[in-house]
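Below are my notes on the model, arranged as numbered points for a colleague who will want to check each value. Please read them with the structure open.

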Amino acid sequence: MKIIILGAGRRGSRLAFHLCKEDEEVSFIDKDGARLDNVLYKFDCMGILGNGTDIEVLKQANCADADVFIAVTGNDEINIVSCGLVASEFPKVKTIAAIKNLGWSGKNEGMGSILGISELVNPNIVTAKLLYSIVKNGIYNNIITFNKSDLILYNYLVEDSKKFVSKTIQEIRKETKDNFVVAAIKNNRDTIVPNGSTIINENDILSIVGEPKNLSSLMTNISKKQKEKFKIILVGGSMITRFFLKQCNSSQLKNITLIEMKKDICNEFANEFPQVVVLNADITDDSILTDSHLTDYDLLISLTESDELNLITATYSKKMGIERSIALIRNNINYLSMESYLGIDAVISTTESTVETVLSKLRGSNVSSIHSILGGSMEVYEYTVEENTKVCGKKLSAINMKGKGIIAAISTKSFKSIIPTGDYVLNPGDNVLVSVSAGSLKYIQQLFIKDKQ
Amino acid sequence: MNYKQDLKLLAFMQIFIALFMIIPTVMAYVKNEQLAFTGFLYAIGLIAIFCIFVAILTRGEKDPSLGTRDGYLFVTFTWIIGAAVSAVPLFVSGSYPDYVSAYFEVMSGFTTTGATVLTQIEDNPSSILFWRSATNWLGGMGIVVLLVALIPKVGSGGNKLVGAESVGPVKDKLTPKIQNTALILWSIYVGFSIIEAILLKVGGLSLYEAVTVTFSTMAAAGFCVKNSSIGTFDSLYVDIIVTIFMLIGGANFALYYKALTGRLKSVFKDGELHAYLLIWSTCTLIIAVFLTSKGIYSNFGSALRYSAFQNASIITTTGFATANYVLWPTFTQMILLVLFFVGGCAGSAGGGIKVIRVTTVIKAAGVHIKQRIYPNGIFPVKVGRDVIKDDVLISISGFIAIYIATGLIGSAIAALSGCDMMTAFAASFLCLGNIGIGFGAVGPTGNFSTFAPFLKWMFAFLMLVGRLELFTVFALFTKSFWKK
């Protein structure tokens, strides 16, 4: 595919990171030469210096031959105008725009295209959705949920516990009697796609797919039952906060407290969500948590504009006795790996969730979600099996994945989740979770995606 | 740095060279050139041993992540080792008195210099002469660029490899993927080569002559299988063809791609191309007029013919000759000497400082003068339609300074041989600029056979440094390069 990305910032370069691994042809347009130099140094791509709203620049970037145009500058207007230009000048090109200020109500899902733009991605909405699904499924450290399946993917660090070390995956499965699949293993050298006889070592990180209730022996820290009354503190009244609250039902809203330091924003939230307790206070005030009797809450989510404040608030709240905490990262993606050091339960990033959403729009209609795991070295795809694909109607044992991927789980049409055995035959409509090492996407993809003819 | 990965690529590179060596090996066998044939077998055997050794050492390695430093290290060693292996047949064939002469010759080939240590050329085995010219051609567009073009999965590492080998201050990428860019460059190069070979064949040269001359023309290199270079053919037709293709080889290959994809406008507005053609045509005219007025040539037409050829040969750093310009008046020689410090265009097969760098510093000097008159004025340095960024400007000034310093130090060392000043000066700069012919004893009829072995090593080093544009090689000599 020939892909043009407008904006060589964080989101642009994260997109290129994934796309270049998949061997796609990526060109960047940016008006900042230094940022272009940066992506040109990092990835095998081309850079065009200029303004994305200039038709000459778009022509120079060879838009006429492109398959996809992605606008991810920090500016909504530029994204809309450039995508609109491409849509009207080069109608064959699929356009995707990241637009922050769209859908105040949060209800423009599936609205289709506006201004000729094929796909709109609102970073705030996709982040809020991710946040909500994490909260709904229990806040597991490093957990991924899927759109059409109730299974979860959980990253498990093998510590010195004698339980797993030096055993094969088959042995562990027999011992624990749990039903799960190890979709990927990251050891200190690289990431591998395991099979039944792969031996687990100390300090390996296992990506495990299974049903939450079946993973109890692995996830001791999350086996605690979700309380009926799950009390949440939100810090910072941002767009993401709004979209998060929009998804909650009224009983959930009753258990939410929002802390925001600006009075007028407090007023807005108090008007819109009357069930929510809105506190006009500064989270950095040393006594706010104790004074307002918030220390017995179950979860704190820090959603302010400052990455550092979010991380520190999330860490501090756990010290103060709040059971779980989640921090939002807006700018510095490097902080994503900080969760384990800071004792935070989850760190979510607007950049990463936007990038994942944009990528999923490039995958064709039968991919319902994609997630990159283990630092981008593996990806987990959620495919719907369609007729006339290479895998349809085949036994799992007859599908040659060349050791580059694993079919980790299957959900049938009736939402029944199965941890598969080799004898399972794939039917049309089955939803399949496949983990793929990032270098081999092309091969795996052609198994699941229909030929274009 | 990823040493094992570098080694693996290095082995790949040697396999490429071995594959190309098959042609002269077959030639040697067919023409019954015993010693040359053994030489080629030795070289291929050496490569085989090296590759087996590397294969064992790098078993199980897969991660192809290459950094900038890997690019420098790999490219430099590719050239050093590639030349070392390719010199073996030359040495074994008995045409060269010692290994260092053979090494000098092959390095002169790969770096497209075209300087020789042979006093007599035509007496040597044809397979050896063919291989000599073939190294010209391989080195012209760059062997590493060829590797990147043909081996997928070098990925973004390929970018750094091509960056370390190709010439010019700013590297143009023609397509999003470096592999396609490299493939396009080589295809254009091969395409022009085929056209030239056909045209020369039509002009009455034998296939062998046409191919070897093409190898050296397109690469702006200068080896010839004849004693008196292109002058041997004494044909106006050949002179014109070779002059045109030298100029083609000395221009930016990215422009041909733009022209082929219908972006003619940007080609015609290219500042470097303008400067390149302007410098060449001006010098050609001045010399032609002067030669006619001094009565060196009977008419302006033939003066123009020889002037155009010699000028193209020097500015593109090819180093062919159709006239012994050392016998021309000093004024014309001085003009040719000025061209020594220009060279081909960025992204070309030519060597030297490069037209874009020269143009840029001249423009920068102009801007500096304006700045003195208007201390608060803002004057961008523009070449054609492009504004030269400050960091590029700094790297260009640095390049020129180091280039001249290297050449001068080389001249001083060359003078240890006891040769005259002009010879020492020309020998050093013709190697550094990959030109191949100079003045004094290393003029169009001269050669490097008289220099002592250690000087041949130094000249070989100068050629390498010049071809890889200084920084790639010199970076290896800095402490920070080896820091973990």
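1. Does Leu19(B) count as buried or exposed? Leu19(B) counts as exposed, because its relative accessibility is 52%, where buried means under 20% relative accessible area, exposed over 50% and partly exposed in between, with a 1.4 Å probe and protein chains only. The residue belongs to helix H1 (residues 3-30) of chain B, helices (H or I, at least four residues) and strands (E, at least two) being DSSP runs numbered from the N terminus. Its C-alpha atom is separated by 8.7 Å from that of Ile44(B), which lies 25 residues away along the chain.

2. On conventions, this is a predicted model in which local features need pLDDT of at least 70 and side-chain atom pairs count only at pLDDT 80 or more, while totals for chains, interfaces and linings use all residues. Residues are numbered from 1 along each chain as its sequence is written, chains are lettered from A and ligands numbered from 1 in the order in which they are written, and side-chain values use heavy atoms, with hydrogens and water left out.

3. Chain A contains 14 helices and 22 strands, and 55% of its 453 residues are buried. Of the contacts in chain A between residues at least 6 apart in sequence, 63% join residues at least 24 apart, contact meaning heavy atoms within 4.5 Å. The chain exposes about 20200 Å², of which carbon and sulfur atoms supply 49%; accessible areas come from the Shrake-Rupley method with a 1.4 Å probe, and for residues only the protein chains shown count as cover.

4. One open sheet of chain A has 6 strands in the order E3-E2-E1-E4-E5-E6, with parallel pairing, two strands being taken to pair if DSSP finds at least two bridges between them. Its edge strands, each pairing on one side only, are E3 (46-49) and E6 (119-121) of chain A, and the twist averages 20 degrees from one strand to the next. Strand E2 (residues 25-30) of chain A is joined to E3(A) by 4 bridges, and Asp30(A) has Leu49(A) in E3(A) as its bridge partner.

5. Two helices pack on this sheet. Helix H2 (residues 33-42) of chain A touches E2 and E3 of chain A, and its direction makes about 175 degrees with that of E3(A), where axes are lines fitted to C-alpha atoms, for helices over the stretch in contact, and angles run from 0 to 180 degrees between N-to-C directions. Helix H13 (residues 350-362) of chain A touches strands E1 (2-6), E4 (68-71), E5 (94-98) and E6 of chain A, and makes about 165 degrees with the direction of E6(A).

6. Strands E12 (residues 232-235) and E13 (residues 256-260) of chain A run parallel and are joined by 4 bridges, with Ile232(A) opposite Ile256(A).

7. Strand E18 (residues 367-373) of chain A has 7 of its 7 residues buried, so it is largely enclosed by the rest of the structure. E18(A) pairs in the antiparallel sense with strand E19 (residues 378-384) of chain A over 6 bridges.

8. Two backbone angles deserve a check. Asn62(A), not a glycine, has a positive phi of about 65 degrees and is partly exposed, with a relative accessible area of 40%. Ala220(B) has a positive phi near 50 degrees, and is buried, with a relative accessible area of 0%.
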